[in-house]
Amino acid sequence: MRSFSLADFLSLFSALQWTAVLVVIALAFGGPLALGLALMRTSASRALRWIAIGFLQLVQGVPLLGLLMFFYFGMPVFLGVEISPLVAVGIAMTVYTASFLGEIWRGGIEAVKHEQWEAAACLGLSGWHQFRYVIAPQAFRMALPPTVGFLVQLIKGTSLASIVGFVELARAGQLVSAATFQPLLVYSIVAAIYFAACLPLTLWARSLEARLNGAR
Amino acid sequence: MQTLNFQQLWRYQDQLIDGTLHTLLLTLVAAVIGTAIGVTAASAVRSGPRPVRWAIRGYVELIRNTPSLIQLFVVFFVLPGFGLRMDAFEAAAIALGLYFGAYCTEIVRAGLESIPGSQVEAGQCLGLSRWQVFRHIVLPPALRSVYPAFTSQFVLLLLGTSLASQISAEELFHTGGFIETRTYRSFEVYAVICGIYFALVMIFKLLFAAVGHLAFRWPVRR
């Protein structure tokens with residue numbers, strides 16, 4: 001047993017970079033998937049819509065902790081290879097991000113009036129160009145505040161990676177707490193670090209929302 | 001490629017049912033605590049003195065910008081420090097109640113703000129008492145507009161109770177860990193656990209949709 005020192009504080013801070021790595025992985029892989037899901041959900045094909053709805057309901061009907069365990073123990077079963085916690089957590093966070101961002105972006109796309117698609121079609125634009133140049137810029141504006149809001153959920157969600165032994169901020173907190181026997185102090189500092197990372201995003205999301213409402 | 005084997009899990013039916021019931025109980029207790037906090041805090045934010053309003057804003061932002069898992073740890077380690085002895089389940093109920101309360105405060109506040117002030121003034125002009133204005137003019141449309149956000153937050157709470165397993169409160173996810181250590185069928189165990197959560201979520205979604213339809217004619221068809 002030893003007392004909480006500056007070195008412990010620094011180890012918490014350096015663990016924050018792994019939290020950031022998880023967020024980047026989730027966005028890099030989950031973002032494109034989310035766009036695909038949002039387009040499937042708003043497409044004319046009933047089959048595509050139902051596949052997307054099924055995926056979203058399934059992922060959103062299971063705790064993030066369950067997703068983590070599912071992929072952590074499931075990948076060896078499916079693929080026959082052991083995988084590192086980073087890969088397992090990365091896949092789970094990607095699936096989680098895709099489902100929630102997919103729904104947020106679908107909302108943005110649906111908020112654009114249907115006549116806009118028709119007007120773009122009248123101009124002779126192809127389906128993808130209608131989306132890319134007419135719908136997406138408007139949908140992006142609507143979806144930006146909740147997307148920033150979801151980032152906060154994502155940062156908080158990475159704390160669950162601690163449970164499969166991935167050393168990010170929350171896990172580092174557990175390790176330091178176990179070494180110093182000062183759980184209250186350590187977890188308060190961990191909470192403060194998360195708070196400092198998330199609050200600016202929350203405030204940003206709120207100001208974006210206010211600006212969007214003002215513009216309407 | 002490993003082979004799947006769900007056979008051994010049958011023996012643990014009783015534990016699974018018990019875990020499911022504990023999860024439901026934890027969800028309901030946290031929802032009741034949280035709703036009480038939400039309604040009180042949202043009314044205080046509207047009409048309370050300034051320090052109270054600041055305190056509530058601080059509470060809401062603190063909870064919304066820190067992970068639930070860390071909140072559980074903090075509550076679990078704080079309360080004994082104040083001489084409050086309690087088991088993991090009670091600590092989890094308090095932590096999750098505080099968590100749900102923060103989101104509930106925002107939801108209720110938004111619901112109350114959706115009622116135009118002119119309607120309240122119109123009610124007062126008719127000679128209605130403060131309570132009557134609240135009961136007949138503010139409450140029905142506020143409940144209606146709050147309902148969808150409240151139900152989706154409730155589902156997130158139900159899923160969020162899984163975190164209580166990390167302070168060893170004996171709910172469904174904790175049951176998963178228990179069975180896992182006895183059978184070593186990790187994947188099968190968590191697949192079944194996920195399946196139960198999914199079933200619970202679907203049941204609640206259908207239930208909320210039915211109640212919303214009967215009570216509020218929700219969703220409104222445009």
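Colleague: How many salt bridges are there across the interface of chain B and chain A?
Modeller: The rule finds one across that interface, a salt bridge being a side-chain nitrogen of Lys or Arg within 4 Å of a carboxyl oxygen of Asp or Glu. Arg206(A) pairs with Glu61(B), and their closest N and O atoms are 2.7 Å apart. This is a predicted model, where local features need pLDDT of at least 70, side-chain atom pairs count only at pLDDT 80 or more, and totals for chains, interfaces and linings use all residues. Residues are numbered from 1 along each chain as its sequence is written, chains are lettered from A and ligands numbered from 1 in the order in which they are written, and side-chain values use heavy atoms, with hydrogens and water left out.

Colleague: Which helix gives the most to the side of chain B that touches chain A?
Modeller: H8(B) does, with ten residues; helices are DSSP runs (H or I, at least four residues), numbered from the N terminus.

Colleague: And how many residues does the contact take from each chain?
Modeller: Chain B gives 36 residues and chain A gives 39, contact meaning heavy atoms within 4.5 Å.

Colleague: Changing topic, where does UniProt place the transmembrane regions of chain A?
Modeller: The unreviewed UniProt entry places them at residues 15-38, 50-73, 85-105, 150-172 and 184-205; such annotations may be inferred rather than shown by experiment.

Colleague: What is the helix content over residues 85-105 of chain A?
Modeller: That stretch is 100% helix, and its end C-alpha atoms are 29 Å apart. Residues 50-73 of chain A are 88% helix, with 28 Å between the end C-alpha atoms.

Conventions
Helices (H or I, at least four residues) and strands (E, at least two) are DSSP runs, numbered from the N terminus.
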